[in-house]
Amino acid sequence: MGDFRRLRAWQEAMDFAVAVYRATDEFPVSERFGLRSQVRRAASSVGANLAEGAGRGSPGAFHAFTRIARGSLHEAVSHLMLASQLGFLDNEVVGALIAHAERLGPMLSGILARKRPNG
């Protein structure tokens with residue numbers, strides 16, 4: 001499948017994960033293993049799943065893992081919205097993170113539209 005690091009979607013996913021990690025640094029200590037952990041795992045999973053799918057060496061695997069990556073992106077957005085409602089993150093920060101996710105989502109959908117599973 002080639003070098004996943006060349007995928008623009010992977011690069012954006014990495015930027016998104018870094019932004020989420022930085023934004024969640026200030027979560028309450030009580031959320032260290034709660035929502036902070038959940039949103040970080042979901043955000044980091046987007047790029048990780050693209051990398052894993054590319055490493056599997058088949059279009060079908062890449063397609064499946066890209067679908068998982070897209071699901072993880074939606075999960076991260078849901079967690080970010082919850083963090084906003086709980087007052088853990090400023091609405092402006094959440095808005096910027098969601099805008100980033102909204103740029104990344106169509107990239108993942110574009111990959112899914114181009115890459116059809118063949119095996």
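Predicted model: local features only at pLDDT ≥ 70, side-chain atom pairs only at ≥ 80, totals over all residues.
View A. Leaving aside neighbours within four places in sequence, Leu80 is in contact with Phe16, Val20, Val39, Leu89, Val94 and Leu97. Phe16 and Val20 of H1 also take part in the contact with H4. So does Leu97, from the H4 side.

**View B. The largest nonpolar core.** This core holds 31 residues. Phe16, Leu80 and Leu104 touch the most other members. Helices H1, H2 (35–55), H3 (59–85) and H4 each supply at least two residues. H2 gives the most, with 8 residues. In soluble globular proteins, nonpolar side chains tend to be buried together.

**View C. Packing of helix H1 against helix H4.** H1 spans residues 8–23 and H4 spans residues 91–114. Their axes come within 10 Å and cross at roughly 160°. An angle over 145 degrees counts as roughly antiparallel, and H1 and H4 are therefore roughly antiparallel to each other. H1 passes H4 in a left-handed crossing. From H1, the contact is made by Arg8, Ala9, Glu12, Ala13, Asp15, Phe16, Ala19, Val20 and Ala23. H4 contributes Val93, Leu97, His100, Ala101, Leu104, Met107, Leu108 and Ile111. By class, the contact residues are 13 nonpolar, 1 polar and 3 charged.

View D. Thr66 lies in helix H3. Its relative accessibility is 0%. Buried means under 20%, so Thr66 counts as buried. Neighbours within four places in sequence aside, Thr66 is in contact with Leu50, Leu108, Ile111 and Leu112. Among them, Leu108 and Ile111 also belong to the H4 side of the contact with H1.

How values were computed: Residues numbered from 1 in each chain as written. Heavy atoms only, no water. Axes fitted to C-alpha atoms, helices over the stretch in contact; angles between N-to-C directions. Helix = DSSP H or I, 4+ residues; strand = E, 2+ residues; numbered from the N terminus. Parallel < 35°, antiparallel > 145°, perpendicular 65-115°, else oblique. Left-handed = near helix turned anticlockwise from the far one by under 90°. Contact = heavy atoms within 4.5 Å. Nonpolar A, V, L, I, M, F, W, Y, C, P; charged D, E, K, R; others polar. Core = buried A, V, L, I, M, F, W, Y, C linked by side-chain atoms within 4.5 Å. Buried < 20%, exposed > 50% of the residue type's maximum accessible area, 1.4 Å probe, protein only.
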